[in-house]
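Keep the sequence and the 3D view side by side.

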Amino acid sequence: MVLCEDLPIVALVPGDCTGIGPEQTARILSDHRLADAARLVVVGDARVLEMGMAHAGVSFDIERIGSPSEASWVSGKIQLIDLGNTDPSRHPIGKASAESGRLTGETLSRAIDLAKDGAIDAITFAPLNKRAMFDGGWRYPDEHKMFADLLGHRTYFSEMNVLDGQWMSRVTGHQSLREALNDISPPRIADAVVLVDRMMRRSGVAAPRIAVAALNPHAGEGGLFGRDEIEMIKPTVEAIAKKGIVCSGPYPADTVYIRAFAGEFDSVVAMYHDQGQIATKLRGFNRGVTVTAGLETVFTTPSHGTAFDIVGKGVANTGALESAVRLAAQLASFKARETLHAH
């Protein structure tokens, strides 16, 4: 199988071995369905990949390599950097495990090392379990903050969800609602809007139409219950729009997603996590892609979790993982062109 040498190299991490990630990974690798999008290098343990094959009912040949530079794109074999660190027989499927979480974090950190060395262009990872990783010693509320820390990133970044061409972002992320309310500010709102505009342009949307959600019910009903929209959100949105970004709002959060999915907007910036996540997951739970936006390295993953209830049955849908690989490749290609033009 000949792959275009211009395609980005994407590290594919099978995720937590107790969940559906290994079987999803094996299935999408078995028929080379993503050969037109990226040159894939699996980073993980051969035993996990073999378990994934068994669960998915597929089979393929593996070629172990020491680094992406050794990969053969014409052999037809799946290129694997075998870390030899995870024996799946020690971690029962369908159950969260602190040790499995520790190893998931370790595997991801090895993939990040490859990115820091310039050996890969992006990372796509199958579902993981945040609690298991935390209990396993990766003391972060989510993997995105872990990635930022390992990369030494200190400025604004955000998790975004992509579904049906819509980019859903938010001002605050994985934190309690009480904390989130205190963290919503004009600079953070501006950062969120500017970042989603930049990410969408990288994905090929020339002039994204961005809607900003209100914080209070009914956008505060003209100040009747809350003046955040009047005193903070609206002036911030208007100031950003004057700089050339196509953004508007604030709009009541209970209707803005209906308008967006009907085609009026390309993106909605929520004020807090569940405000956007509920709408997006109702729209297409098994199809969305999560992007860690604003970091030097491109990260994508399915928006769904480890699905402990169906692991091992060979029925896990792979649509979101496939979309995650394709989006990672697209963003990495745009980043490479940006870098080339800058020099």
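What follows goes from the sheet to its helices, then to one strand and the aromatic contacts.

The model is predicted. Start with the sheet. It is open and has 12 strands, in the order S3-S4-S2-S1-S5-S12-S11-S6-S7-S10-S8-S9. The pairing is mixed. Strand S3 (62–64) and strand S9 (247–251) stand at the edges. Each of these two has a single partner strand, so one side of each is left without a neighbour in the sheet. From one strand to the next, the twist averages 25 degrees.

Helix H8 (residues 228–241) lies across strand S8 (210–213) and S9. H8 runs at about 170 degrees to S9.

Helix H1 (residues 21–30) comes next. Of its 10 residues, 8 are buried, so H1 is largely enclosed by the rest of the structure. The buried residues of H1 are Gly-21, Pro-22, Glu-23, Gln-24, Thr-25, Ala-26, Ile-28 and Leu-29. Just after H1, His-32 takes a positive phi of about 55 degrees.

Go back to the sheet and pick out strand S7 (residues 166–170). How many of the residues of S7 are buried? The count is 5 of 5, and S7 is mostly covered. In a regular strand, side chains alternate between the two faces of the sheet. In S7, Gln-166, Met-168 and Arg-170 lie on one side, with Trp-167 and Ser-169 on the other. Both faces are covered, and these residues are all buried.

Strand S6 (residues 158–163) pairs with S7 in the antiparallel sense, over 3 bridges. Asn-161 stands opposite Met-168 in S7. The hairpin of S6 and S7 has 2 residues between the strands. In that hairpin, Asp-164 takes a positive phi near 50 degrees. With strand S10 (residues 267–270), S7 pairs in the parallel sense over 4 bridges. Ser-169 stands opposite Val-269 in S10. The bridge partner of Arg-170 in S10 is Ala-270.

Last, the rings. There are 3 aromatic pairs in the count. Phe-125 and Phe-147 have ring centres 5.4 Å apart and planes at 80 degrees, so the pair is edge-to-face, the class for planes over 60 degrees apart. This pair links distant parts of the chain, 22 residues apart. Phe-125 lies in strand S5 (residues 122–125), and Phe-147 in helix H5 (residues 143–150). Phe-125 and Phe-147 are both buried. Ring pairs also bring in Phe-299, which forms a cluster with Phe-125 and Phe-147.

Tyr-251 and Phe-265 have ring centres 5.2 Å apart and planes at 40 degrees, so this pair is tilted. Tyr-251 sits in strand S9, while Phe-265 is in the loop between helix H9 (253–261) and S10. They are 14 residues apart, and the pair links distant parts of the chain. Both Tyr-251 and Phe-265 are buried.

The charged end of Arg-139 sits over the ring of Phe-134, 4.8 Å from its centre.

Methods: Residues numbered from 1 in each chain as written. Predicted model: local features only at pLDDT ≥ 70, side-chain atom pairs only at ≥ 80, totals over all residues. Heavy atoms only, no water. Pairing = 2+ DSSP bridges. Axes fitted to C-alpha atoms, helices over the stretch in contact; angles between N-to-C directions. Contact = heavy atoms within 4.5 Å. Buried < 20%, exposed > 50% of the residue type's maximum accessible area, 1.4 Å probe, protein only. Phe/Tyr/Trp six-rings, centres within 6.5 Å; stacked < 30°, edge-to-face > 60°. Lys NZ or Arg CZ within 6 Å of the ring centre and 35° of its normal.
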